[in-house]
Amino acid sequence: MGGKSKFKKKLGALKEYGVNLIALSILTGLFAGAVVTLYNIVTGIGEEKSVELYSLVRENPAFVPLLFLGLVAGAFVIGTATRFIPMIRGSGVPQIEGAARGVLRFKWYTVMCSMFAASVACIFMGLPAGSEGPSLEIGGCAGDAVGTTLKRSLMVRRLQIAAGSSAGLAAAFNAPVTGLVFAMEEAFRSFSAQVFTCSAVSVLVSLTVRNLMRAAMGFSTGFTFTTFEFSPMEPMGYLYTAIAALAAALLGVAFYHIMLLARKGFAKLTFLKGVGKYVVPFCIAGAFGLISSYAMGGGHEFIQSLGSLYDGEFEKIFGISVAATLAIVVVFRFISTILAVGCGMPYGIFVPVLATGAGLGALLCTGFSAAGMDSAMADYIIVITMAAYFTTVVRAPITAIVMIFEFTGQFQNLLPALLGVGIGFIVGELFRTQSVFEKCLELIVRDQRVKLGAEKRRVCLAVEEGSYADGRSIRSVLWPAGGIVAEVVTPDGARFVPDGKTVLKAGDNITFECVAVSEEDVKNYLSDVVGTAEKQE
C-alpha cells in the first residue's frame, strides 16, 4: 500500500513539474511570440518613419523649433507614464530579472501595454531606442500572464516569466540560443533543468510564431546582420583583435562609472516630481538625430552599414571623413545610452550598446588599415569589438560569444571571438564592474526594501514527499531570491550546513534565511516548494 502511495506521489510530481510545465511553456511561447513579433514590426515601422521625419526637418530648418516642442511634450508624457508605472522605467531587463528571481511583483497587463506604447513612442520620436529590452519584458509579462491566469504558484510563475523573457528576446533577435542563454546567464542566473526546459520550449514556439507571422506579412525572417563576411584570421589579426577588445573593455568600464554618476545626477532633478528630467535626454537625442540618422533608433542600420563600410555605402556627416563620422556617432551613442540608463527611459539599450561597440570597432579598423591590416579582417574585428564591449557592460560572456555567431549566421574563427570576449570580461573583473542591468536591479530592490521595511527572516521547513524539492539538489531549486538554506537536519537527527550539491529528501528539516518584507510571503512561497512551513522556535 505504501509503495502505491509513493508511486502516485511521484506520478503527481512528474505531472505537476514536468508535463504541466511544458504545456504552460507552450502557451507562454505562443503569447510571447505573437505580441513580441507584432511589437517589433511596429517598432521597425516607427524607426523608418522617424528617420523620414528628421530628414524632412533637416531639409526645412524652420521646423526645428516645432520638432523640439514635440520632444518636450513627449518627454512630459513619457515621464508621467514612468512615474505612475515604475516597472517600465528603464530598458525592462532589470525589472524582469527581478520578477524572474521573485524580488519584484507587477501586473502583467499594465506593464505589457505600457512598455509597448511608451517604447514605440520613444522610437518614433527619434530617440536611440532599442526594442530588444522591451521585447524581453513583454515576453516576461506574457509568461506571468499564463501563470497568473491559470492560478499557478509563485515558483511556476517565475519559471514562466523566465521562459517568456527568453522567448521575447529570441523573437526580437531571431536568435534562439542567445535568448535562451541570456535568460539563464543574466536574467535568472540559474542553469537548472526546469529553467532550461521551460525556456527552450517557449523559445522554440515563439520563433515558430515569429517566422510564420513575418512571412505572412511579407517581412524577412533571416539573420539579424547580413553584411558581414569573415575570412580565416591571420596571425596579426589576433593582435588587432586584442587591441580592439581592450579598447572596447576600457570604454565599457568608463560607461559603468559614468552611468552611476548620471543616475545620481538625475535623482537630484525633481522638477515636476521628477517628470521634468526626461526633457534632457529627449532634447539631446533630438539634436543628435538632426546631425546623423545613425544616432537614431536601436542601431540595426548603423551596424549593418559597417559591414559594407569599405564599399563606400556609409553615410558621412557633413561630408567629413569616415573616421570622423564614426567617432561622432560613437560619442553620440555613448552619451545617449548613459542618459537613457541614468534617467530611466522606457526603451531598450541592448542594441544601442552593441552599436556603440561596433562603431568603436569600425573606427579602430580605420587606424589598423592605415597600419597595414588586411581590410578583409575588418568585419570580424568590428563584430568582436561589439561583443567585447557588450561583455564588459552586461557581464554576460557566454551570451556575447553565442550572439556573434547567431547574429551573422557565420561560425568561423571561434578562437579570436573567445579572445575578444575574454578580454572584455577580464577587464571588467579587474575594475570590479557589475552588469549594468544587475546594478540597476540592485538599486531598484534596495529602494523598494527600504520603502517597504524588509527585514531578515528565518523559517524552518519540513521537506514533504513528492514536493518539488524532494530528491533535488539545493542549487536546482528555485528559492526566494537572495536567500540561503542555512542548515539541514536529517530524520535521524544529523545536523549540518549544506552546499549547492546537497540533495534534499523527504523528512529533512531545513532552515531558510532571506531578507523579505513579510514572513508570511516567504512561508507561502516555500510551501509550494518543500511543503508546509513553520517558524523555528
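Good morning. The model is predicted, so local features are given only at pLDDT of at least 70 and side-chain atom pairs only at pLDDT 80 or more, while totals for chains, interfaces and linings use all residues. Residues are numbered from 1 along each chain as its sequence is written, and side-chain values use heavy atoms, with hydrogens and water left out.

I begin with the rings. The structure holds 12 aromatic pairs. A pair here is two rings of Phe, Tyr or Trp (for Trp, its six-membered ring) with centres within 6.5 Å; planes under 30 degrees apart are stacked, over 60 edge-to-face, and the rest tilted.

Why is the pair of Phe31 and Trp108 edge-to-face? Their planes stand at 85°, with the ring centres 6.0 Å apart, so the pair falls in that class. The two residues are 77 residues apart: Phe31 lies in helix α1 (residues 2–59) and Trp108 in helix α4 (residues 108–124). Helices (H or I, at least four residues) and strands (E, at least two) are DSSP runs, numbered from the N terminus.

As to accessibility, buried means under 20% relative accessible area, exposed over 50%, and partly exposed in between, with a 1.4 Å probe and protein chains only. Phe31, at 28%, is partly exposed, whereas Trp108, at 19%, is buried.

A second pair, Trp479 and Phe512, is stacked, at 5.5 Å centre to centre and 25° between the planes. Trp479 sits in the loop between β1 (455–462) and β2 (484–489), and Phe512 in strand β4 (residues 509–516), 33 residues apart. Both Trp479 and Phe512 are buried.

Ring pairs also join Phe173, Phe182, Phe350, Phe390 and Phe407 into a cluster.

Charges meet rings as well. A charge sits over a ring if NZ of Lys or CZ of Arg is within 6 Å of the ring centre and within 35 degrees of the ring normal. Arg395 has its charged end over the ring of Phe425, 4.5 Å from the centre; that of Arg472 is over Tyr468, at 4.4 Å.

Strands pair if DSSP finds at least two bridges between them. With β4, β2 pairs in the antiparallel sense over five bridges, and with β3 (residues 495–496) in the antiparallel sense over two. Val488 stands opposite Ile510 in β4 and has Phe496 as its bridge partner in β3. Five residues separate β2 and β3 in their hairpin, where Gly493 in the turn has a positive phi of about 95°.
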